[in-house]
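Colleague: I am new to this structure and would like to go through it with you. Please show it first, and then I will ask my questions.

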Amino acid sequence: MSETHGRGREETQEERADRQWAELLQELRVAQTGVQILFGFLLAVVFQSRFEDLGDIDRYIYVVTVMLGSATAATLIGPVSYHRLLTGRRMKPETVLWASRMTVLGLVLLFCTMCSALLLILRVALHNQMALWLVGGMALWFLACWFVFPVWAIARGRSGPRESDTPDRGSDTSDEGSGSPDRGSDAA
């Protein structure tokens, strides 16, 4: 029995959950790789000879950055564990929902980790207040790319008929609306 979820896609709840899980896994692969590389570099910093030269504030920033990196890694790897422990229990839609929420939380933690790492690096490199300005500017850019632009796209998509925005859509409806809140990879 199929459910219609609006324009262009008919799928059962199980089919939808399977598709959303596959899409989420692709997103997680990108985020997990970046977090693991960043975290590995962070762990190695303490063993560098210049680490002893850091002042107290920079050491505190380093500790906060490592803790944020740990929390980020745990949160972005968490959906894999969640899925593995719930596989076979007929809970795929719930698994996708919680994994999606964990991924969003992981992105927020990644934002904090990146800003903290940038602050540490730029404080060591510049030794002045310019570091704060540069990190602030980059934080705004991260926020725009990761959160503001997607929210803007959602708001724009809800504001009116999509056909007026793209006059010649052709027959490309294979993944139509996969980013909208009621369908697609957004399970939250």
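Colleague: Where does His-127 lie?

Modeller: The model is a predicted one. His-127 is not a glycine, yet it has a positive phi of about 55 degrees. As for its place in the chain, His-127 lies in the loop between H3 and H4.

Colleague: Is His-127 buried or exposed?

Modeller: The relative accessible area of His-127 is 66%. Exposed means over 50%, so His-127 counts as exposed.

Colleague: Which loop holds Arg-90, and what is its phi?

Modeller: Arg-90 sits in the loop between helix H2 (56–86) and helix H3 (92–126). Arg-90 is exposed, with a relative accessible area of 82%. Although Arg-90 is not a glycine, its phi is positive, at about 55 degrees.

Colleague: In what order do the elements of the protein chain run?

Modeller: The protein chain has four helices and two strands. Read from the N terminus on, the order is β-β-α-α-α-α.

Colleague: With which residues is Val-124 in contact, leaving aside its neighbours within four places in sequence?

Modeller: Val-124 is found in helix H3. Once the neighbours within four places in sequence are left aside, the residues in contact with Val-124 are Arg-50, Leu-54 and Asp-58.

Colleague: What distance separates the C-alpha atoms of Val-124 and Asp-58?

Modeller: Asp-58 is one of the residues in contact with Val-124. Along the chain the two are 66 residues apart, while their C-alpha atoms are separated by 7.9 Å.

Colleague: Among contacts between residues at least 6 apart in sequence, what percentage join residues at least 24 apart?

Modeller: The pair Val-124 and Asp-58, 66 residues apart along the chain, are in contact. For the protein chain, the share of such contacts that join residues at least 24 apart is 68%.

Colleague: Which residues make the nonpolar surface patch?

Modeller: One of them is Val-148, which lies in helix H4 (residues 130–158). Val-148 has a relative accessible area of 48% and is partly exposed; patches are made of residues with over 30%, so Val-148 passes that cut-off. The patch covers about 590 Å², and its residues are Met-138, Leu-140, Trp-141, Leu-143, Val-148 and Phe-149.

Colleague: What percentage of the accessible surface of the protein chain belongs to carbon and sulfur atoms?

Modeller: Of the 188 residues of the protein chain, 34% count as buried. The accessible surface comes to about 12000 Å², and the part that belongs to carbon and sulfur atoms is 64%.

Notes: Residues are numbered from 1 along each chain as its sequence is written. This is a predicted model: local features need pLDDT of at least 70, side-chain atom pairs count only at pLDDT 80 or more; totals for chains, interfaces and linings use all residues. Side-chain values use heavy atoms; hydrogens and water are left out. Patches are made of residues with over 30% relative accessible area and no salt bridge: like charges are joined within 9 Å, nonpolar side chains (Val, Leu, Ile, Met, Phe, Trp, Tyr) within 5 Å. Accessible areas come from the Shrake-Rupley method with a 1.4 Å probe; for residues, only the protein chains shown count as cover. A salt bridge is a side-chain nitrogen of Lys or Arg within 4 Å of a carboxyl oxygen of Asp or Glu. Buried means under 20% relative accessible area, exposed over 50%, partly exposed in between (1.4 Å probe, protein chains only). Contact means heavy atoms within 4.5 Å.
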